[in-house]
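Thanks for asking me to look this one over.

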Amino acid sequence: MEHEDYMRLALAMARQAAADGEVPVGCVAVCGGRVVGWGRNRQEKRKDAQAHAEMEAMAEASRTLDRWRLKDVALYTTLEPCPMCAGAIYNARVGAVYFGARDRQAGACGGVLNLFMEGFTGGPAIQGGLLEAECSGILADFFRKRRKT
């Protein structure tokens, strides 16, 4: 599979989140060409500020791989990770992060700041803008519909 294929899987998770009334963010964790974790936003359903797509995908990847260090794992997330998720990505030693839409309000991979350029040892490879139009579009559609109701 190609990077775009994994991001399309993350977009499918984002659509599920939107269908449940959640902010449409999806994430997949990939290791060795295999999806080992899936996640989508569920803050409203779980009444939990930590129920972000990236957190879910990393937790499932850790269970699937039976380890917390995810150095050989790549995350594909439809929205640039926030500071909380970026911190968890750093702590789990995730190897790479690919994101679609930049988050100019809370992004921690360059949207507001880049946590991984703050002098910490290590950190993942980061690539933004993967299927950016589709990832931004699903968010824009969600918020446009929300404002109408």
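**Notes on the predicted model**

1. Let's begin with Tyr6, which is buried, with a relative accessible area of 5%. Please keep in mind throughout that this is a predicted model. Tyr76 has a relative accessibility of 4%, so Tyr76 counts as buried too, the cut-off being under 20%.

2. In one of them, the ring centres of Tyr6 and Tyr76 lie 5.1 Å apart with the planes at 40 degrees, so the pair is tilted. Because Tyr6 sits in helix H1 and Tyr76 in strand E3, the pair ties together parts that are 70 residues apart in sequence. Ring pairs also bring in Tyr98, giving a cluster of Tyr6, Tyr76 and Tyr98.

3. Another pair is formed by Tyr90 and Phe120: their ring centres are 5.2 Å apart and their planes stand at 45 degrees, so this pair is tilted. Distant parts of the chain are linked here, with Tyr90 in helix H4 and Phe120 in the loop between E4 and strand E5 (125–127), 30 residues apart.

4. In soluble globular proteins, nonpolar side chains tend to be buried together. In this model the largest nonpolar core has 42 residues, and those with the most contacts inside it are Met58, Leu70, Leu75, Tyr76 and Val94. Two or more residues come from each of helix H1 (3–19), strand E1 (26–31), helix H3 (53–65), strand E3 (73–79), helix H4 (83–91), strand E4 (96–101) and H5.

5. Leaving aside residues up to four places away in sequence, Met58 touches Leu70, Leu75, Cys85, Ala88, Ile89, Ala92 and Val94.

6. Which residues of H4 are buried? They include Cys85, Ala86, Gly87, Ala88 and Ile89. H3, E3 and E4 are among the elements covering the buried residues of this helix. Just after H4, have a look at the backbone of Arg93, where phi is positive at about 60 degrees.

7. The largest pocket has a volume of about 490 Å³. It is lined by 22 residues, of which Val23, Val25, Leu79, Asp103 and Phe143 are the closest to its centre. Helix H2 (43–46) and helix H5 (132–148) are the elements that give two or more residues to this lining, and H5 gives the most, with five. By class, the lining of the largest pocket holds nine nonpolar, five polar and eight charged residues.

8. The second largest pocket holds about 150 Å³ of space. Which residues line it? They are Lys71, Ile89, Tyr90, Arg93, Val94, Gly95, Thr121, Gly122, Gly123 and Pro124. Four of the lining residues are nonpolar, four polar and two charged.

Technical notes:
Residues are numbered from 1 along each chain as its sequence is written. This is a predicted model: local features need pLDDT of at least 70, side-chain atom pairs count only at pLDDT 80 or more; totals for chains, interfaces and linings use all residues. Side-chain values use heavy atoms; hydrogens and water are left out. On a 1 Å grid over the protein atoms alone, a cavity is a set of points where a 1.4 Å probe fits but cannot get out, and a pocket is an open set with protein on both sides within 12 Å along at least five of seven lines; lining residues have an atom within 4 Å of a point. Grid points are joined across faces, edges and corners, and a volume is the space filled by probe spheres set on the points. Helices (H or I, at least four residues) and strands (E, at least two) are DSSP runs, numbered from the N terminus. Ala, Val, Leu, Ile, Met, Phe, Trp, Tyr, Cys and Pro count as nonpolar, Asp, Glu, Lys and Arg as charged, and the others, Gly among them, as polar. A nonpolar core is a set of buried Ala, Val, Leu, Ile, Met, Phe, Trp, Tyr and Cys residues joined through side-chain atoms within 4.5 Å. Buried means under 20% relative accessible area, exposed over 50%, partly exposed in between (1.4 Å probe, protein chains only). Contact means heavy atoms within 4.5 Å. Rings of Phe, Tyr and Trp (its six-membered ring) pair if their centres lie within 6.5 Å; planes under 30 degrees apart count as stacked, over 60 as edge-to-face and the rest as tilted.
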